[in-house]
Amino acid sequence: MAEEEINEDYPAEIHEYLSAFENSIGAVDDMLRTMMSVSRNELLQKLDPLEQAKVDLVSAYTLNSMFWVYLSTQGVNPKEHPVKQELERIRVYMNRVKEITDKKKAAKLDKGAASRFVKNALWEPKPKNASKVASKGKSKK
């Protein structure tokens, strides 16, 4: 890359940034080609419904984010475009899926074990007969 000819149409200071951007675009293109090589139905059949929702949300968010970048390159302020509301809407659904996933991972209370802990932790007075027998045994020694 060092031998690349620097274009005179833009300042030399941003050449590294543009090269990194070009590499990133190439990586995204490779990932999209890989993703497009498998049919969506085949991919979704292998996943449970929650995972399917995650794939759909990530796909929608990625496409809208790429459109955001496209608008920026065309001189359109994406903050004033409906794509901003769409990204927010998708982000809300992503948070809902995350909450569901977190609830599944959360520790569940074993009621039987909890009741045994509480029962064993509570103090129970000894029966009167047991204390007399114990004290008689001690006095004989």
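Predicted model: local features only at pLDDT ≥ 70, side-chain atom pairs only at ≥ 80, totals over all residues.
Visitor: Which residues of helix 3 are buried?
Guide: Buried here means under 20% relative accessible area. In helix 3, the residues that count as buried are Leu50, Leu57, Asn64 and Leu71.

Visitor: How far does helix 3 reach from its first C-alpha to its last?
Guide: Helix 3 covers residues 49-73, which gives it 25 residues. At 1.5 Å a residue, 36 Å is expected. The model comes close to that, with a reach of 36 Å.

Visitor: Which residue just after helix 3 takes a positive phi?
Guide: Look just past the end of helix 3. There, phi is positive, at about 85 degrees. The residue is Gly75.

Visitor: Is Arg91 buried, partly exposed or exposed?
Guide: Arg91 is found in helix 4. Its relative accessible area is 32%.

Visitor: Which side chain makes a polar contact with the side chain of Arg91?
Guide: Start from Arg91 in helix 4. A polar contact of 2.7 Å links the Arg91 side chain to another side chain. That partner is Tyr61.

Visitor: How far apart in space are Arg91 and Val58?
Guide: Along the sequence, Arg91 and Val58 are 33 residues apart. In space, C-alpha to C-alpha, the separation is 9.5 Å.

Visitor: Which residues form a nonpolar patch on the surface?
Guide: One member, Tyr17, is in helix 1, residues 15-37. At 63% relative accessibility, Tyr17 counts as exposed. The patch has about 300 Å² of accessible area together. Its members are Ile14, Tyr17 and Leu18.

Visitor: How many helices and strands does the protein have?
Guide: Read the elements from the N terminus: α-α-α-α-α-α. The count is six helices and zero strands.

Visitor: What part of the protein do buried residues make up?
Guide: The protein has 141 residues. Its accessible surface comes to about 12500 Å², with 58% belonging to carbon and sulfur atoms. Buried residues make up 10%.

Methods. Residues numbered from 1 in each chain as written. Heavy atoms only, no water. Patch = residues over 30% accessible without salt bridge, like charges linked within 9 Å, V, L, I, M, F, W, Y side chains within 5 Å. Areas by Shrake-Rupley, 256 points an atom, 1.4 Å probe, with all protein chains shown as cover. Salt bridge = Lys/Arg side-chain N within 4 Å of Asp/Glu carboxyl O. Helix = DSSP H or I, 4+ residues; strand = E, 2+ residues; numbered from the N terminus. Buried < 20%, exposed > 50% of the residue type's maximum accessible area, 1.4 Å probe, protein only. Expected span 1.5 Å × (residues − 1). Polar contact = N/O pair within 3.5 Å; in protein donor to acceptor, adjacent residues only side chain to side chain.
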